[in-house]
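Here is a briefing on one protein model.

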Amino acid sequence: MRLKKYLTFILFAAACLPFHAPVNAQVIDIGELTRPNERPLYNIAIKSANSSVEQLALRAFNTHGAFKVVRDATVTLNLTVVNNQTVSLSFGSNTVQGTGSTLNQATLKACDAAVKAITKLPGYFSGKLVFVAEHKGGASEVCVGDLFFQEIRPLTNDKANIAAPRWSPDSSFVYYASDVKGGFDIYKANSGTGARTVFASYSGTNYDAVPSPTGNRIAFISTSPGNAELYLTDSNNSSPRRITKNKSIESAPTWSPDGSRMIIASDGPLGKPQLCTIDLNSGALQRIQTNLSGYCAEPRWNQANPNLIAFTVATGGSFQVAVYDLQKRQGAIVTQDSGDCIEPVWMDDGRHLVYTSRRGKVKILTLFDTLTKKATPLHSEAWGNSSQSDYLAR
């Protein structure tokens with residue numbers, strides 16, 4: 001009965017909540033031209049002799065709430081193609097450069113370098129995604145690629161059910177769960193070739209494999225004991241250790257930036273998913289009282305700001321993304337979409353995140369600025385459904 005209850009939870013979750021570029025050493029100040037709501041907003045223009053480079057840079061900066069792209073700005077970002085793997089970006093007397101394996105990557109690297117020089121925060125444009133792409137008939141595949149869907153490629157070709165892909169910290173591997181061989185097992189795939197090995201295959205359901213920030217430890221969930229429990233192991237799963245031993249359902253573990261702590265979703269406190277800190281030695285859970293919803297799931301710890309977590313809440317008949325400050329013990333629901341906003345994941349700057357926007361059967365990955373509340377779809381509905389993303393800075 002416990003296994004049946006857990007599998008019911010898994011099906012519900014799948015439907016509702018699926019789980020170098022040089023920079024000048026001195027920070028460059030181009031001035032805060034306006035301050036709406038006391039947040040810096042920089043007016044810029046973007047130009048390049050290469051139209052594809054210019055359009056990609058325009059698209060990238062238009063997603064960033066700290067910038068407003070206008071024609072007659074006092075500051076113009078000029079992008080020059082040095083070669084197919086290097087782009088130079090100059091503004092005023094300042095020059096930064098981006099390199100990458102493709103022209104698109106080099107362009108986004110150069111734009112990231114400009115963002116860092118201007119705002120003091122890392123750029124996120126050149127980061128990469130792993131996510132689940134759904135095919136007609138319900139089957140899905142793991143896909144990897146760039147944030148702006150210019151260079152997306154499938155990592156799997158199984159036509160199976162897939163859940164919760166996660167990058168290894170060095171981007172060499174992707175961990176994901178799949179029922180390609182019948183039961184739900186965890187796989188570890190080479191992110192370049194797609195070659196994979198079985199990482200965890202125990203009786204029951206195995207999923208939610210999440211590497212620690214250093215990659216030396218992997219957290220995962222397994223129903224092998226008859227109940228959804230948290231396990232910790234090493235990167236080869238040579239020494240799995242059961243952490244929780246209770247009657248509740250645990251899911252969606254997330255690591256603190258220093259890898260010393262973990263937050264998890266558990267239905268133990270209220271009978272519905274709630275966020276809990278967990279003692280990694282004893283397995284004891286302590287509820288985080290966000291006071292935002294009786295249903296809190298899918299936590300993601302901000303790797304740039306250890307005080308912040310993003311998560312999904314049920315509110316007003318839909319699911320939305322919330323952000324909670326662990327130090328201030330204050331939080332807020334940050335999205336207000338007519339559909340569902342689920343599965344948040346932070347960008348490298350600690351300000352932006354990507355979530356899955358779901359309206360009916362349509363799922364679109366959306367970039368979101370938590371300060372200005374600016375939301376930008378990363379692909380069209382015609383591209384197909386995508387969800388359950390994970391992000392990693394290049």
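The largest pocket is lined by 23 residues. Nearest its centre lie Arg300, Gln303, Asp390, Tyr391 and Leu392. This is a predicted model: local features need pLDDT of at least 70, side-chain atom pairs count only at pLDDT 80 or more, and totals for chains, interfaces and linings use all residues. Residues are numbered from 1 along each chain as its sequence is written, and side-chain values use heavy atoms, with hydrogens and water left out.

**Pocket**
- A pocket is an open set of points on a 1 Å grid over the protein atoms alone, where a 1.4 Å probe fits, with protein on both sides within 12 Å along at least five of seven lines; lining residues have an atom within 4 Å of a point.
- The volume of the largest pocket is about 560 Å³, taken as the space filled by probe spheres set on the points, which are joined across faces, edges and corners.
- Two or more lining residues come from each of β9 (162-167), β13 (206-211), β17 (250-255), β21 (296-301), β25 (340-346) and β29 (385-392).
- Strands are DSSP runs of E, at least two residues, and helices are runs of H or I, at least four, numbered from the N terminus.
- The lining holds 15 nonpolar, four polar and four charged residues. Ala, Val, Leu, Ile, Met, Phe, Trp, Tyr, Cys and Pro count as nonpolar, Asp, Glu, Lys and Arg as charged, and the others, Gly among them, as polar.

**Nonpolar cores**
- A nonpolar core joins buried Ala, Val, Leu, Ile, Met, Phe, Trp, Tyr and Cys residues through side-chain atoms within 4.5 Å. Buried means under 20% relative accessible area (1.4 Å probe, protein chains only).
- The largest core has 44 residues, and Phe61, Leu89, Phe125, Leu147 and Leu378 make the most contacts inside it.
- Elements supplying at least two residues each include α2 (51-62), β3 (76-83) and α3 (103-119). α3 gives the most, with 10.
- Apart from this core lies another, of 19 residues, among them Ala164, Val210, Ala219 and Ala228.

**Cysteines**
- The structure holds zero disulfides, a disulfide being a pair of cysteine sulfur atoms within 2.5 Å.
- The sulfur of Cys296 is 9.8 Å from the closest cysteine sulfur, in Cys276, too far for a bond.
- Cys296 is buried, at 0% relative accessible area.

**Leu280**
- Leu280 sits in the loop between β19 (274-278) and β20 (285-287). Leu280 is buried, at 11%.
- Its contacts (heavy atoms within 4.5 Å) include Leu232, Ile243 and Trp255, not counting residues up to four places away in sequence.
- Leu232 is 48 residues from Leu280 in sequence and 8.6 Å away in space, C-alpha to C-alpha.

Notes:
Buried < 20%, exposed > 50% of the residue type's maximum accessible area, 1.4 Å probe, protein only.
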